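Here are my notebook entries from an afternoon of looking things up in this structure. Follow along with the model open beside you.

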Amino acid sequence: MEHIVIIGNGISGISLARHVRKNSDKKITVISAETDYFFSRTALMYVYMGHMKFEHTQPYENWFWKKNRIDLLKGFVTKVDHENKTLLLNNSKSFSYDKLVIATGSKPNKFGWPGQDLKGVQGLYSKQDLDDLEANAPNNKVCKRAVIVGGGLIGIEMAEMLRSRNIPVTFLVREDSFWNGVLPSGESKMINEHILEHHIDLRLSTNLDKILADENGKARAVVIKETGEEIACDVVGLTAGVSPNIDFLKDSGIELSRGVKVNRFLETNIKDIYAIGDCAEQHEAIGSRRPIEAVWYTGRMMGETLAQTICGNPTEYKPGHWFNSAKFLDIEYQTYGWVFAGGPARKEYEEHFHWRHPKEKICVTIAFNKDTKEFLGINTFGIRMRHEVFDRWLTEKQDVDYVINNLEKANFDPEFYKHFEKDILSAYKNNLQTA
Amino acid sequence: MSNKLNHSMSLATPDAQDISTKQKIALAIGLIGLFILVLALFNVNFPNKGLFLTLSLGLITIGTVVYSRDAYLTKVKGIKNDGVWFKSISSRGAWGWAVGVILTIFYIVLYFYPQYLGLGKNGEANTGLISLFDPLSNLLSGRSASQWFVYGTLYTVAIFAFGYKFILKYRHNRYEQIRTISVMFFQLAFAFLIPEFMYRMNSNLPYYDLKSVWPLNYYIFDEWSVKGFLSNGNIGLALIIFGILSVFVITPILTYKFGKRWYCSWVCGCGGLAETAGDSFRQLSSKKMSAWKLERWLIHVVLVFSIVMTVGMVYTYLDNDGTKYWLTKGVFISIVIGFLTLVFAAVLYFKGKELGKDAKYGAIGFFVIVGLLLVMHFTGTTDEIFFIKGRKLRSAYGLYIGSIFSGVIGTGFYPILGSRSWCRFGCPMAAILGFQQRLFSKFRITTNGGQCISCGNCSNSCEMGIDVRAYAQKGENIVRSSCVGCGVCSAVCPRGVLKLENDSLEGRINPTEILLGNDVDLMNLVNKK
Ligand SMILES: Cc1cc2nc3c(=O)[nH]c(=O)nc-3n(C[C@H](O)[C@H](O)[C@H](O)COP(=O)(O)OP(=O)(O)OC[C@H]3O[C@@H](n4cnc5c(N)ncnc54)[C@H](O)[C@@H]3O)c2cc1C
Ligand code: SF4
Ligand code: SF4
């Protein structure tokens, strides 16, 4: 029986294992150093906030794995020997495979800041990070202030977590507005306001210089690069993005760049070794996607796809229309298709229509081609939209007028919610007249 | 693997989040109100009962209102679940157990030892707690209070005070707000006031909470009840006809259009209490597969019991002689069996395929009921069915199901089993509505394509113990008989994945293997096979 070994029990590795089991009888082993069972990384914040217990983040009950003959092995893979098709576990045990899948995810970025390895300085990625945060910041007496470095999705989640325990938070953001490399300015501004509403000390255009230690080697303050200001704190959260977690593959002969290089079949340069999820890097980006896609959904899709290949139905990774979602404190965000804030990704034909509610934190940005009027994508804040409808409209290449006139069909808010399609439509019409 | 080992003993907050001074004062006000009730319970004789009752209920309400306002209105609107698994009361800590024990004792006394609450025996005047409620009862219906009046009043106050809290907690969510106003209205008007006024108009009419439908209202077809209605002329007749229509016409139509939520989380009193006072405990329901299995057995056994018991009760007071009245024992049994057979055949014919393995269990249930009814018919006498007195069977049902299960366990165990253990494991009405919801209803919870991140907030919040995430992460709609449509899973989902809606039957159940967002050809290949 062919033995499929998967390193990493995250969403990509587990999606693969489940689909291989559905389609075949192969022997499956999943190795991970992090936890015994698959859990949802996206839910780590809710454990610290007390919305859930850690076991609630596990999407399958513990009996599931045995019942589906998916062997789970706890251990850290220190080496891959592709000539003998073996792995080295914890530097000691050897373990053989027929096909190997690397699904080792990411690790938080550290940019060589002085003091970045002090006690009390941490990222937020793994279960261990969660445990560390519980120890470093159990309440606002032990942690009188936390400083978060890096204004992205994980940074704002970390700020929300700490605020749930009334811990004062200073949030250092390199950009001049929150996440404005991704969000168009109107949206980004609205999130700035919302961050302040939550009594988070938001510092825009601010970089970290260094982290200072106390006599016990624990972080006691950060120094701001621009002003030299010293901010006293007990915890420093480093949330300036993530990068593939592939250090153990350095001299393995597997082609690496930032991530593990793969082709469209998710194969590496070495036969019978594949890579999926956060750690995989496409030779060439697919459409407007990035070569490394570190999101939940793409990890799952790569797992679904590779299972086909491994079970004898060679299938290219061919994701459909881009979608994503997040939540900024209390504001839900969804996106379908592409809305680019700026930079090289935004082509000169991409035009935006932006509508914002006069009082509530609700807004919509629709991107379209100003020459052909083709609808390109939508960002929504505080309004839920139907994935299925936007996916269809994108496939049909609907024009922007059609989308705005039919927006109601895509609304996914709970029943009895106020609808804003009429306001959006009239704003759009006004816009056309003034433009 | 608890991430947090030291449960805080504080009633209201985790150790990290100190309760504000205002909240402390509010808590104290509420406790003074409760303390007046406790004093009354221990026979402190208050001089002006009306005043002290008003004071007590007023303070409890004001305390809850002030507390809720300070807890929610001082913050930006949004999901407010911080610390629910840290607080002792809402995570089966010491406070949770303490409240559970107190509630359980209260229910046991209420059902079995009302004299300790001060119920006057044989027409004697009430004392203690019950006497405190006499002025209000006199005002409403002109008679002195009973333990049920005390219970009903406290129940209504609880739904109002905690309903207000719930409305503030979900002030960004109109579905939750409107639904809560609805349960508050039905509790006040239908369960509390109208029956009292009906008594005032006609004191011979049996107590009838119009929104309480058989088999939840298991005594409506009892002999005393039916006789009570029929001896009261047109209004009584109208009421009993309404009772029958509610079961066979109104309920199926509304459930078809809206799912069982129209009843369970918009109208029903048990549901009303669970959604308001029980809201803090919703996360405690077990999501395990084993709990689901237990649920399916238990609730259907109760359903069989309640059908057989009700038919048995009606049976005992019907005649054998068709010359006096057309509805004889034989005719009645034939009608019941005929009706059940019709339903069973229709389900198999239209939904047999969809049911798959469950059809077998349905068949077992059907034959058990019919078998029992036939045995009853051929062995029963005027007052004996299954060789025991019919009345005994009825009182056994009243005791074990009506009191112990629905009251003592259902509500007393809120802080242990979660807020809807009765609705989930025991309520025969929920079983019937659920059966219909699963098979003949437009209601479902739509899953939003591929947006689920498997975080588990939805499952955690489901008071009915449904593992909502198991469906959502597969891109599959949630069509479950037990879902009461409370909408909280949808509210707490951080990615906007869930929407409760009534839509066409086609595509309602949509098992998929590969979710929207992936390769279109792959989706077609895998999902269509
Ligand atoms: C706090 C947080 C919130 C997020 N929220 C969202 C969100 O809302 N939406 C979204 O789309 N994405 C979100 N993400 C990103 C998303 O979680 C990741 O894209 C996804 O989990 C990656 O899955 P994966 O299977 O590729 O890797 P991982 O989930 O990282 O799993 C890899 C596993 O492999 C193990 N491992 C690594 N190396 C070895 C080795 N040598 N030996 C043994 N085991 C090893 C790791 O310990 C880990 O358990 C979030 C991430 C974080 C940290
Ligand atoms: S599935 Fe959702 S709507 Fe249904 S009972 Fe559970 S939480 Fe309520
Ligand atoms: S449906 Fe929403 S709440 Fe439930 S697991 Fe998915 S993302 Fe989380």
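Entry 1: I started with β1 of chain A, residues 3–7, where 4 of the 5 residues are buried, so the strand is largely enclosed by the rest of the structure. I call a residue buried if 20 or more other C-beta atoms lie within 10 Å of its own, exposed if 12 or fewer, and partly exposed in between, with C-beta atoms placed from the backbone. Helices (H or I, at least four residues) and strands (E, at least two) are DSSP runs, numbered from the N terminus. β1(A) pairs with β2(A) in the parallel sense over 5 bridges, and A:I4 stands opposite A:I28 in β2(A). Two strands count as paired if DSSP finds at least two bridges between them.

**A note on the model.** This is a predicted model, in which local features need pLDDT of at least 70 and side-chain atom pairs count only at pLDDT 80 or more, while totals for chains, interfaces and linings use all residues. Residues are numbered from 1 along each chain as its sequence is written, and chains are lettered from A and ligands numbered from 1 in the order in which they are written.

**Entry 2: domains.** I looked up the domain assignment of chain A, which gives domain 1 (3–107 + 243–310), domain 2 (121–240) and domain 3 (324–434); such bounds come from an automatic or database domain assignment. The C-alpha centres of domains 1 and 2 of chain A lie 30 Å apart. In chain A, 9 residues of domain 1 are in contact with 11 residues of domain 2, where contact means C-beta atoms, placed from the backbone, within 7 Å. On the domain 1 side of that contact, α2(A) gives the most, with 4 residues.

**Entry 3: the five-strand sheet.** Next I traced an open sheet of chain A with 5 strands in the order β9-β16-β10-β11-β12, with parallel pairing. Its edge strands are β9 (121–122) and β12 (201–203), each pairing on one side only. Between β10 (146–149) and β11 (169–172) of chain A I found 4 bridges, and A:I148 has A:F171 in β11(A) as its bridge partner. Helix α5 (153–164) of chain A packs on the sheet, touching β10, β11 and β16, and its direction makes about 170 degrees with that of β11(A). Axes here are lines fitted to C-alpha atoms, for helices over the stretch in contact, and angles run from 0 to 180 degrees between N-to-C directions.

**Entry 4: ligand 1.** Which chains surround ligand 1? Residues from chains A and B do, so the site is shared between chains. Domains 1 and 2 of chain A both give residues to the shell, so ligand 1 lies between them. I counted a residue as near if its C-beta atom, placed from the backbone, lies within 6 Å. The shell has 35 residues, and the closest are A:G8, A:G10, A:G105, A:G277 and A:W296.

**Entry 5: the chain contact.** The contact takes 51 residues from chain A and 50 from chain B. Several elements of chain B each supply at least two residues to its side, among them α7 (174–201) and β4 (498–502).

**Entry 6: A:G259.** Last, I checked A:G259, in the loop between β17 (242–244) and β18 (260–262) of chain A. Is A:G259 buried or exposed? A:G259 is buried, with 24 other C-beta atoms within 10 Å. Leaving out residues up to four places away in sequence, A:G259 touches several residues, including A:P244, A:C279 and A:I292.

Note on methods
Two residues are in contact if their C-beta atoms, placed from the backbone, lie within 7 Å.
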